[in-house]
Amino acid sequence: MKIDEAMVEHIAKLSRLELPETEKAAMTRELERILEHMDVLNSLDTAGLEPMSHVFPLKNVLRPDVVEPSMDRAELLRNAPVPDEEAFLVPKTVE
């Protein structure tokens with residue numbers, strides 16, 4: 001696919017970018033290089049390869065979930081400007 005300055009202007013408009021005239025030629029060359037690289041990738045034989053989401057295997061490293069005692073509710077609510085018996089009271093924000 002051949003990239004021209006009109007296509008660069010269209011892509012810039014879609015991206016809400018304002019490119020100066022001096023950068024349009026450079027951007028045209030850069031986009032062409034990207035498409036050339038994608039053509040190289042498209043020409044590779046990937047028929048026997050398994051699809052993957054990441055190059056390296058990912059493993060979640062999570063600590064074990066352990067139930068621990070928390071702070072006393074009355075002590076926490078003592079700092080509230082307007083508490084009730086169970087929670088902080090805040091002004092209504094949505095009608």
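## A helix, its buried side and its salt bridges

Ile-34, Met-38, Leu-41 and Leu-44 together make a nonpolar surface patch of about 360 Å². Patches are built from residues with over 30% relative accessible area and no salt bridge, where nonpolar side chains (Val, Leu, Ile, Met, Phe, Trp, Tyr) are joined within 5 Å and like charges within 9 Å. The areas come from the Shrake-Rupley method with a 1.4 Å probe, and for residues only the protein chains shown count as cover.

Before going further, please keep in mind that this is a predicted model: local features need pLDDT of at least 70, side-chain atom pairs count only at pLDDT 80 or more, and totals for chains, interfaces and linings use all residues. Residues are numbered from 1 along each chain as its sequence is written, and side-chain values use heavy atoms, with hydrogens and water left out.

**The helix H2**

Helices here are DSSP runs (H or I, at least four residues), numbered from the N terminus. H2 covers residues 21-43. With its 23 residues, H2 reaches 34 Å from its first C-alpha to its last, close to the 33 Å expected at 1.5 Å a residue. That expected span is 1.5 Å times one less than the number of residues.

The cut-offs are simple: buried means under 20% relative accessible area, exposed means over 50%, and partly exposed lies in between (1.4 Å probe, protein chains only).

**The buried side**

Which residues of H2 are buried? They are Lys-24, Thr-28 and Glu-32, and they pack against helix H1 (5-14). Lys-24 counts as buried because its relative accessibility is 10%. Not counting residues up to four places away in sequence, Lys-24 touches Glu-5, Val-8, Glu-9 and Leu-19; contact means heavy atoms within 4.5 Å. Glu-32, also found in helix H2, has 18% relative accessibility and so counts as buried too. Leaving aside neighbours within four places in sequence, Glu-32 is in contact with Lys-2 and Ile-3.

**The salt bridges**

A search of the whole structure finds 4 salt bridges. A salt bridge is a side-chain nitrogen of Lys or Arg within 4 Å of a carboxyl oxygen of Asp or Glu.

| Pair | N to O distance |
|---|---|
| Glu-9 and Lys-24 | 3.1 Å |
| Lys-24 and Glu-21 | 2.9 Å |
| Glu-30 and Arg-33 | 3.5 Å |

Let us start with Glu-9 and Lys-24, whose side chains meet in a salt bridge. Glu-9 lies in helix H1 and Lys-24 in helix H2, so this pair ties together parts that are 15 residues apart in sequence. Glu-9 has 38% relative accessibility and therefore counts as partly exposed, while Lys-24 is buried at 10%.

Lys-24 also meets Glu-21. These two are 3 residues apart in helix H2, so about one helical turn separates them. Glu-21 is exposed, with a relative accessible area of 56%. Put together, Glu-9, Glu-21 and Lys-24 are linked in a network of salt bridges.

Glu-30 and Arg-33 form another pair. Both lie in helix H2, 3 residues apart, which is about one turn of the helix. Glu-30 is partly exposed at 40% relative accessibility, and Arg-33 is exposed, with a relative accessible area of 54%.
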